[in-house]
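This report describes one protein model, going from a surface patch to the overall fold, a helix, a loop residue and the salt bridges.

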Amino acid sequence: MLDVKIEKTKNPKKIPAKGEPLGFGHIFTDHMFIMNYTEGKGWHDPRVVPFGDITLSPAAMVLHYGQEMFEGLKAYRGDNGEVYLFRPDMNAKRANNSNDRLCIPRLPEEDFVQAVKTLVNVDRDWVPYEEGTSLYIRPFIISTDPHLGVAPSKTYLFIIILSPSGAYYESGLAPVGIWIEDEYVRAVRGGMGYAKTGGNYAASLAAQVKAHDSGYSQALWLDGVERKYIEEVGSMNIMFKISGKVVTPMLNGSILPGITRDSILHLCRDWGYETEERRISVDELIEAARTGALEEVFGTGTAAVVSPVGKLRYKDEVIDIGGGKIGELTQKLYDELTGIQWGKKADPYGWRVTVQ
Ligand code: COI
């Protein structure tokens, strides 16, 4: 159990009013959580302090070699005013998988969850009330040794910040267009594609810009070796409904093991859908689109929730999916998942965790 010191701000900011547009990740709450790591001492000095700038040496290792990891989860406002988290233990586990890959010291999983709950509780008035809005939670660890040699740092900061947010995509739940990237790759097996670390997202920017410039919301990655098999999209995993089955790329080491991905697969199986986690080639996808077997395409992610995909572009081919409408299964999954998250539906899985 962490002994968290709490220092409240003397200058609270104005909490956005109901109905005020939030966007995604622009607004930050009054407080943040910080804990230090020092080799030989372990994690120490857990504290909640006023949100503000941090001081780092310009030689801090994270600034040069990117030794860092991050997580993403949300706090949801229930109708009765309660505040919920969704499977935070899964974020804690994934954080440690990322830590292991990046030679960052592990964080006890119960400490991760306690830190999230403590901070959310301090800033619970910031959890927005409007439908579809939530408090996005961003835990991250950075390496802080002032040292230019390439080696694991001996000191770190674990920080959590909070951002009241609306839909990740400006279009909300309207189907998005996805650009299948055939030049750049994001990750290869043996690399760090399964870890949630800034470098993976830095590697994604050039394709993201290309996709945007061509009028698409995000890039979809193909495997790093043959550029043939579907991997994931910029900020979400991807799923296809092909001839009634729900098919998604298997976790092969270069794909992020999404918590929403896992939850959606659970729901589909419980509803009697056959699910397949396997390699899917872009050729198979295009063939399925040509024959009409490709019924629905959607992305899954904490920020993106369940996002319908209405258009896929690969080289000279543009595939329209569902005539610009949200697929029936996509909508049903969105309703069920958000129903559980916001406390409007029963939670037979024990995924919802109340913050008190
Ligand atoms: C999340 O869904 O929480 C993510 O981390 C995606 C993020 C890069 C916006």
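Which residues make a nonpolar surface patch of about 330 Å²? In this predicted model, the patch is made by Tyr-65, Leu-148 and Val-150. Tyr-65 belongs to helix H1, which covers residues 61-65. Its relative accessibility is 40%, so Tyr-65 counts as partly exposed.

**Overall fold**

The protein contains eight helices and 18 strands. Its C-alpha trace spans about 60 × 50 × 35 Å along the principal axes. The radius of gyration is 21 Å, and this agrees with the value near 21 Å that a compact globule of 356 residues would have. Of the 356 residues, 53% are buried. Among contacts between residues at least 6 apart in sequence, 70% join residues at least 24 apart.

**Helix H6**

Helix H6 runs over residues 259-270 and has 12 residues. From its first C-alpha to its last it reaches 17 Å, close to the 16 Å expected at 1.5 Å a residue. The buried residues of H6 are Ile-259, Thr-260, Arg-261, Ser-263, Ile-264, Leu-265, Leu-267 and Cys-268. Just after the helix, Gly-272 adopts a positive phi of about 90 degrees.

**A loop residue**

Leaving aside residues up to four places away in sequence, Thr-133 touches Leu-22, Pro-128, Ser-165, Gly-166 and Trp-342.

**Salt bridges**

The count of salt bridges comes to 21. Three of them are listed here with the distance between nitrogen and oxygen.

| Pair | N to O distance |
|---|---|
| Glu-295 and Lys-241 | 3.0 Å |
| Lys-245 and Glu-274 | 3.8 Å |
| Glu-284 and Arg-278 | 2.8 Å |

The side chains of Glu-295 and Lys-241 meet in a salt bridge. This pair links distant parts of the chain, with Glu-295 in strand S15 (residues 294-301) and Lys-241 in strand S12 (residues 237-242), 54 residues apart. Glu-295 has 34% relative accessibility and so counts as partly exposed, whereas Lys-241, at 13%, counts as buried.

A salt bridge also joins the side chains of Lys-245 and Glu-274. Lys-245 lies in strand S13 (residues 245-249) and Glu-274 in the loop between H6 and strand S14 (275-278), so the pair ties together parts that are 29 residues apart in sequence. Lys-245 is partly exposed, with a relative accessible area of 29%. Glu-274 also counts as partly exposed, at 48% relative accessibility.

In the pair of Glu-284 and Arg-278, the closest N and O atoms are 2.8 Å apart. Glu-284 counts as partly exposed at 28% relative accessibility, and Arg-278 counts as partly exposed at 25%.

Which residues are linked with Lys-245 in a network of salt bridges? The network links Lys-245 with Glu-274, Glu-276, Arg-278 and Glu-284.

Notes. Residues numbered from 1 in each chain as written. Predicted model: local features only at pLDDT ≥ 70, side-chain atom pairs only at ≥ 80, totals over all residues. Heavy atoms only, no water. Helix = DSSP H or I, 4+ residues; strand = E, 2+ residues; numbered from the N terminus. Expected span 1.5 Å × (residues − 1). Buried < 20%, exposed > 50% of the residue type's maximum accessible area, 1.4 Å probe, protein only. Patch = residues over 30% accessible without salt bridge, like charges linked within 9 Å, V, L, I, M, F, W, Y side chains within 5 Å. Areas by Shrake-Rupley, 256 points an atom, 1.4 Å probe, with all protein chains shown as cover. Salt bridge = Lys/Arg side-chain N within 4 Å of Asp/Glu carboxyl O. Rg over C-alpha atoms; globule rule 2.2 N^0.38 Å. Contact = heavy atoms within 4.5 Å.
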